[in-house]
Amino acid sequence: MGNENTRVGEIWYFALPVPYNTSSQPIEITDVAIKRVPSGIEVLEYGAYHLEDAGGLPLLADHGGPHTPDFGKLKNYALKPVKVEAGKESDIFYLAKLKITAPPKEAARWCRFDYRQAGQAYSQTMDCEVELKVAK
């Protein structure tokens, strides 16, 4: 996933993988993060939004773009743990709001999900990647 025509100062939204609970017990996601954020990219915030409210999953979208939801007007579910039922895909997806501060030299990579299940805390890292290159 990526874009080769970004500019310094632009803000981009990157959707993390949609959580899918393959276990036989519900989970509650408590935190998410991109683990490797290169210099030139700043994570401004993480949010969690309902797929229906956002009109689907915006894998990568530019702030203010014609097909980009106005996330500031949507309910942000990240303010409390997001529950995912056993054997189900979540209706809530997580989104990183990224700002280009300088030409990034590499991609942002690895998405971490922290969650609770049956009173126990866990952390799982999944492969995800977004490459934002500054246009020359």
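Reader: Which residues is Phe-14 in contact with, leaving aside its neighbours within four places in sequence?

Author: In this predicted model, Phe-14 is in contact with Met-1, Ile-34, Leu-59, Leu-60, Tyr-94, Leu-95, Ala-96, Leu-98, Cys-111, Cys-128, Glu-129 and Val-130. Phe-14 is also among the residues with the most contacts inside the largest nonpolar core, a group that includes Leu-16, Ile-29, Tyr-94, Leu-98 and Leu-132.

Reader: How many residues does the largest nonpolar core have, and which elements give two or more residues to this core?

Author: The core has 24 residues. The elements giving two or more of them are β2, β3, β4 (41-50), β6 (82-84), β7 (92-100), β8 (108-117) and β9 (120-134). Strand β7 gives the largest share, five residues. Apart from this core lies another, of eight residues, among them Tyr-13, Val-18, Phe-71 and Phe-93. As background, nonpolar side chains in soluble globular proteins tend to be buried together.

Reader: What makes Tyr-13 and Phe-71 a tilted pair?

Author: Two values decide this, because a pair of aromatic rings is described by the distance of the centres and the angle of the planes. The centres of the Tyr-13 and Phe-71 rings are 4.8 Å apart, and rings pair if their centres lie within 6.5 Å. Their planes stand at 55 degrees. Under 30 degrees would count as stacked and over 60 as edge-to-face, so this pair is tilted.

Reader: Why is the pair said to tie together parts of the chain?

Author: Tyr-13 lies in strand β2 and Phe-71 in the loop between β5 (60-62) and β6, so the pair ties together parts that are 58 residues apart in sequence.

Reader: Why are Tyr-13 and Phe-71 called buried?

Author: Buried means under 20% relative accessible area. Tyr-13 has 6%, so Tyr-13 is buried. Phe-71 has 5%, so Phe-71 is buried too.

Reader: What makes Tyr-49 and Phe-93 a tilted pair?

Author: The ring centres of Tyr-49 and Phe-93 are 6.3 Å apart, and the limit for a pair is 6.5 Å. Their planes stand at 50 degrees, so the pair is tilted. Tyr-49 is in strand β4 and Phe-93 in strand β7, 44 residues apart. Both residues are buried. Ring pairs link Tyr-13, Tyr-49, Phe-71 and Phe-93 into a cluster, and the structure holds five aromatic pairs.

Reader: Is Asp-91 buried, partly exposed or exposed, and how do you know?

Author: Asp-91 has a relative accessible area of 48%. Exposed means over 50% and buried means under 20%, so Asp-91 is partly exposed. Asp-91 is placed in the loop between β6 and β7. Leaving aside neighbours within four places in sequence, Asp-91 is in contact with Tyr-49, His-50 and Leu-51. From C-alpha to C-alpha, Asp-91 and Tyr-49 are 8.3 Å apart, although 42 residues separate them in sequence.

Reader: What makes the meeting of Arg-109 and Asp-127 a salt bridge?

Author: A salt bridge needs a side-chain nitrogen of Lys or Arg within 4 Å of a carboxyl oxygen of Asp or Glu. The N to O distance between Arg-109 and Asp-127 is 2.9 Å, so the pair qualifies as a salt bridge. Arg-109 belongs to strand β8 and Asp-127 to strand β9, 18 residues apart. Arg-109, at 22% relative accessibility, counts as partly exposed. Asp-127, at 45%, is partly exposed as well.

Reader: How do you know that the charged end of Arg-109 sits over the ring of Trp-110?

Author: The charged end is 4.7 Å from the ring centre. The distance limit for a charge over a ring is 6 Å, and the charge must also be within 35 degrees of the ring normal.

Reader: Which residue forms a salt bridge with Lys-133?

Author: Glu-131 does, with the closest N and O atoms 3.8 Å apart. That is within the limit of 4 Å. Lys-133 is partly exposed at 36%, and Glu-131 is partly exposed at 32%.

Reader: Which residues are linked with Asp-114 in a network of salt bridges?

Author: Asp-31 and Arg-112 are linked with Asp-114 in the network. The side chains of Asp-114 and Arg-112 meet at 3.0 Å, N to O, and both residues are buried. A search of the whole structure finds nine salt bridges.

Note on methods:
Residues numbered from 1 in each chain as written. Predicted model: local features only at pLDDT ≥ 70, side-chain atom pairs only at ≥ 80, totals over all residues. Heavy atoms only, no water. Core = buried A, V, L, I, M, F, W, Y, C linked by side-chain atoms within 4.5 Å. Buried < 20%, exposed > 50% of the residue type's maximum accessible area, 1.4 Å probe, protein only. Helix = DSSP H or I, 4+ residues; strand = E, 2+ residues; numbered from the N terminus. Contact = heavy atoms within 4.5 Å. Phe/Tyr/Trp six-rings, centres within 6.5 Å; stacked < 30°, edge-to-face > 60°.
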